[in-house]
Amino acid sequence: MQRLNLDFEKRSYDIVIDTSFDMLSDELSRVCKGKLLIVSDTNVAPIYLSKLEECICKAGFLKPGCVIFEAGEKSKNIDTLQKIYNSAIEHKLDRKSAIIALGGGVVGDMAGLAAATYMRGIDFVQIPTTLLAQTDSSVGGKVGIDFSGVKNIIGAFKQPSLVYINTSTLKTLPKREFSAGMAEVIKYGVIRDDEFLSYLEQNADAISSLDDKAIEKVIYKCCAIKADVVMHDETEMGMRAILNFGHTIGHGVESAKDFELLHGECVALGMIGALDISLARGYVTKEYYERVKNIIFSYALETTFCGADKKTVIEYMQNDKKKISDRLRFVLIKGKGETVILDDITADETERAIECIIR
Ligand code: ADP
Ligand code: ZN
């Protein structure tokens, strides 16, 4: 078992990483005091809900309420949020109660927003079950829903009281979802830690086959990197922006392909595009560029896409809500594990970068 303590100004909480749910009862009794409400989806609940209920019962809590919604991003909307509020009221949750998210990023985002807003904020526990949620979305406190066709447009910053990661839940995760999660994992190595990138390069088989030690190391490292970045910049005024590496083009591709590709798959493409700009500017060597591309490939991720044109991708990039001015903001790599954030990328450079990932 590994434990990471995150220290934010107003509160501190632990991220516990283990290979089972064995420690969950103890952890829950340490951080929760009142009633509990579980939020999960139709894929995760049939596999893990009864185990969670058992842990809650063992910890001496009352039988928790439960909201289960249809799996998938399409459910990340105000209707589902309303169902969570209704259930919270029905189960008489009060200011001492907590909402527990059991599932991937979609569950965590919605349960987190409900916890941030119900009675002006109650406790929130994350039990992430996708690689993406275990390494990225459950750390950092961003929660939200999609609204009026725009992703994550309604949201809040809500730090949980506990994040409990059971790495063995990845055994039931579809392979494609695992690979998509690996894109953000690779991202951490590229933007912050070249030694970690080498570890990913040399241990692709162990990691992909979910070797306990390798997976625990990967998840711990990602959480530690993300926590370090986020603790310096909780509300994304500066440094946190480096986490958007691969996301400028990535979001463009994601929208242009009408969300047919997974977020991580698009981030992988976006990272290659951003690295192409870095290469053209002489910030990284051809060898480094090829190395990262090979690592991406070794985790069963595509390095090119088809079925959307360059112009559409650029149009969507320009609509991205993270844009701070009329210019596109790019996170580029300038040397191993080093980033620069620039908004002077020319239209030509952007076009070239997209051309190198379209087939
Ligand atoms: P993400 O975490 O990638 O943002 P989701 O919450 O949508 O995204 O999860 C991706 C998909 O994987 C969903 O269909 C979800 O129901 C499913 N899922 C999540 N965790 C598991 C798991 N441990 N085993 C099987 N399926 C899972
Ligand atoms: Zn992302």
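How far does a polar side-chain atom of Asn43 lie from an oxygen atom of ligand 1? The distance is 2.9 Å, and the points below start from there.

This is a predicted model, in which local features need pLDDT of at least 70, side-chain atom pairs count only at pLDDT 80 or more, and totals for chains, interfaces and linings use all residues. Residues are numbered from 1 along each chain as its sequence is written, chains are lettered from A and ligands numbered from 1 in the order in which they are written, and side-chain values use heavy atoms, with hydrogens and water left out.

1. Let's begin with the polar contacts of ligand 1. Thr129 has a polar side-chain atom 2.8 Å from a nitrogen atom of the ligand. On its own, ligand 1 has 560 Å² of accessible area, and the protein covers 86% of that. (A polar contact is a pair of N or O atoms within 3.5 Å; within protein, one must be able to donate a hydrogen and the other to accept it, and residues adjacent in sequence count only if both atoms are side-chain atoms. Accessible areas come from the Shrake-Rupley method with a 1.4 Å probe, and for residues only the protein chains shown count as cover.)

2. Next, the shell around that ligand. Ligand 1 is surrounded by 16 residues, the closest being Asp41, Gly105, Thr129, Thr130 and Thr172; a residue qualifies if one of its heavy atoms lies within 4 Å. Sorted by class, the shell holds seven nonpolar, seven polar and two charged residues.

3. Gln134 is buried at 0% relative accessible area, where buried means under 20%, exposed over 50% and partly exposed in between (1.4 Å probe, protein chains only). A polar atom of the Gln134 side chain is 3.0 Å from the backbone oxygen of Pro128, and the Gln134 side chain also makes a polar contact of 3.2 Å with the side chain of Thr169.

4. Now for the metal. Glu184 (OE), His247 (NE2) and His263 (NE2) coordinate the zinc ion (ligand 2) at 2.0 to 2.1 Å. Glu184 in helix H6 (residues 175-192) and His247 in helix H10 (residues 247-256) are 63 residues apart, a pair linking distant parts of the chain. Both Glu184 and His247 are buried. One caution: donors are N, O and S atoms within 2.8 Å of the metal (3.2 Å for Na, K and Ca), and water is not among the atoms, so sites may look incomplete.

5. Ten of its ten residues are buried, so H10 is largely enclosed by the rest of the structure. The cover over these residues includes strand S8 (150-157), H6, H11, helix H13 (310-318), strand S10 (330-333) and helix H14 (347-355).

6. Finally, two backbone angles to check. Most residues other than glycine have a negative phi. Asp258, which follows H10, has a positive phi near 55°; Asp258 lies in the loop between H10 and helix H11 (263-280) and is exposed at 63% relative accessible area. Arg120 also has a positive phi, near 60°. Arg120 belongs to the loop between helix H4 (105-117) and strand S6 (123-128), and counts as exposed at 75% relative accessibility.

Key:
Nonpolar A, V, L, I, M, F, W, Y, C, P; charged D, E, K, R; others polar. Helix = DSSP H or I, 4+ residues; strand = E, 2+ residues; numbered from the N terminus. Contact = heavy atoms within 4.5 Å.
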